[in-house]
Amino acid sequence: MKDEILTEEQAVAETVRKQVKGMIDGDLDLLKEVISPDAVFYHITGAKQSRDEWLRQIKLGRMHYFGSREILMQATVNGDEARVISRNQLDAQMVFLYFYDKT
């Protein structure tokens with residue numbers, strides 16, 4: 001079998017797919033490899049997390065991903081900048097702890 005040569009756009013899309021696989025497998029090493037240390041995540045709840053905080057939540061079991069179905073993947077590369085628009089249906093469980101002041 002020949003090694004397939006990927007276009008830059010295909011390589012970027014594969015990196016995003018690795019991230020999704022890492023989420024489902026709970027592979028923190030893979031996630032650290034493919035996600036920039038300065039990445040910021042915005043959740044549907046409005047919560048904002050750093051990469052390391054998000055990975056910590058996965059490690060603690062507060063975020064668990066069971067499966068994913070890719071709906072859309074569009075990657076473009078322009079020089080040293082890549083842009084991805086992706087849509088996945090995720091099967092996930094997330095536990096958020098909220099603390100409030102009773103006073």
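Three helices and four strands make up the secondary structure of the protein in this predicted model. Along the sequence, these elements follow the pattern α-α-β-β-α-β-β. Of the 103 residues in the protein, 23% are buried. The accessible surface amounts to about 8100 Å², and carbon and sulfur atoms account for 50% of that area. Among contacts between residues at least 6 apart in sequence, 42% join residues at least 24 apart.

Strand E3, which spans residues 63-78, pairs with strand E4, spanning residues 81-94. The pairing is antiparallel and extends over 14 bridges. One of the residues involved is Ser68, whose bridge partner in E4 is Leu90. The hairpin formed by E3 and E4 has two residues between the strands, and Gly79 in this hairpin adopts a positive phi near 70°.

Arg51 is located in helix H3, which covers residues 51-59. Arg51 counts as buried because its relative accessibility is 9%, under the 20% cut-off. When residues up to four places away in sequence are left out, the contacts of Arg51 are Lys32, Ile35, Ser36, Pro37, Ala39 and Phe41. For Ile35, one of these residues, the backbone oxygen is 3.0 Å from a polar atom of the Arg51 side chain. The side chain of Arg51, a buried residue, thus has a polar atom placed 3.0 Å from a backbone oxygen.

Key: Residues are numbered from 1 along each chain as its sequence is written. This is a predicted model: local features need pLDDT of at least 70, side-chain atom pairs count only at pLDDT 80 or more; totals for chains, interfaces and linings use all residues. Side-chain values use heavy atoms; hydrogens and water are left out. Buried means under 20% relative accessible area, exposed over 50%, partly exposed in between (1.4 Å probe, protein chains only). A polar contact is a pair of N or O atoms within 3.5 Å; within protein, one must be able to donate a hydrogen and the other to accept it, and residues adjacent in sequence count only if both atoms are side-chain atoms. Contact means heavy atoms within 4.5 Å. Two strands pair if DSSP finds at least two bridges between them. Accessible areas come from the Shrake-Rupley method with a 1.4 Å probe; for residues, only the protein chains shown count as cover.
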